[in-house]
Amino acid sequence: MATYKDAGVDVEAGYKAVELMKGHVKKTFRPEVMTDLGGFGGLFSLCKDKYSEPVLVSGTDGVGTKLKIAFLLDKHDSVGIDCVAMCVNDIVCSGAEPLFFLDYIAVGKNKPEKVADIVKGVSDGCVMSGCSLIGGETAEMPGFYADEDYDMAGFAVGIVDKSKIIDGKSIKAGDKLIGLPSSGLHSNGYSLVRKLLNPSKEKLQEYVEALGCKMGDELIKPTRIYVKTVLDLINRYEIKGISHITGGGFIENIPRMVPQGLRVKINKGTWPVLPIFKLLQSIGNIGERDIYNTFNMGIGMVIAVDSDIAQEVLGYLNKDKEEAYLIGEIIKGEAGVDIC
């Protein structure tokens, strides 16, 4: 008699994976969460008194081919952070506070301990961004994925009052751009990275002097989550625009927050370009325009503010929070980016 397990799907392993991940999930719960893990839908209540005209903001993304590095390293407890970061960093650009997150993990073979490791990373990312992991799906897909492979994606929902939406409409010529540093490559450009470095298990264990660490440690660094820093700034200052530097680098992403008739000027040398980008540019002989159109170059989030408060905002960030840099300004001209 044929069974589902004979076809490669082990439902018992699925049950075990859920049990192993429950502790990680519960640590993300905000007071608004109304359901436990295991229901058909995650319920999340809204406090009506907190918002006058609440607007929901959603975002979805995945980790991309960075997962190939996780496979080679057999390290799966941080890519979940990447998955969360790629979603919540996007929605906070509208001024939204992330509320809850759902994940989707597709595996070739359900290995409960590995799945629990992945979900641990997701829950860590949720804690970092202050949102709740209220549901998800683990799909076992034999014959579609190799036994050791998996893919993952996520979906986040946040909230902002209509009057406080950040949409870049008030940006004008002369406004300044403040850059918040990245932790490294984040989760973009890995197809090019893998082509240039041709990583193997052995290569990833090699110490690279220029990086100050093993190659694998550099490539697996999780994407930085900017939510708490950005929400803090929004509560203190008038933030006109926010751009998350993801796929497309500076060239594609920064103009997305700028109104028509304005252009972006980025001043090179105003922040430290991380060693990994210099290494990749050297190995691949990548042109300047191409590298700024692919990678974050050490800046993961760009914030537009009025020139009158730029130094104050910068001082606040540098005093108690983190390193931040005045990296450019808004000028008149056709849409685009000048890197000078």
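This is a predicted model: local features need pLDDT of at least 70, side-chain atom pairs count only at pLDDT 80 or more; totals for chains, interfaces and linings use all residues.
Residues are classed here as nonpolar (Ala, Val, Leu, Ile, Met, Phe, Trp, Tyr, Cys and Pro), as charged (Asp, Glu, Lys and Arg) or, for the others, Gly among them, as polar.

The largest pocket holds about 690 Å³ of space. Its lining comprises 31 residues, and those nearest the pocket centre are Gly14, Val18, Gly136, Glu137 and Thr138. By class, the lining of this pocket divides into 16 nonpolar, 10 polar and five charged residues. At least two lining residues are supplied by each of helix 1 (11-26), strand 2 (97-107) and strand 3 (132-140). Strand 3 provides the largest share of the pocket lining, with eight residues.

One cavity of 30 Å³ or more was found in a search of the whole structure, and the largest cavity contains about 30 Å³ of space. Val107, Lys109, Lys114, Asp147, Glu148, Asp149 and Tyr150 form the lining of the largest cavity. Five of these lining residues are charged and two are nonpolar, while no polar residue takes part.

In an unreviewed UniProt entry, residues 55-160 carry the feature "domain: PurM-like N-terminal". In the model, the chain over residues 55-160 is 36% helix and 37% strand. The end C-alpha atoms of this segment lie 5 Å apart.

Definitions and conventions:
Residues are numbered from 1 along each chain as its sequence is written. Side-chain values use heavy atoms; hydrogens and water are left out. On a 1 Å grid over the protein atoms alone, a cavity is a set of points where a 1.4 Å probe fits but cannot get out, and a pocket is an open set with protein on both sides within 12 Å along at least five of seven lines; lining residues have an atom within 4 Å of a point. Grid points are joined across faces, edges and corners, and a volume is the space filled by probe spheres set on the points. Helices (H or I, at least four residues) and strands (E, at least two) are DSSP runs, numbered from the N terminus. UniProt positions are given in the numbering used here, feature names are shortened, and annotations may be inferred rather than shown by experiment.
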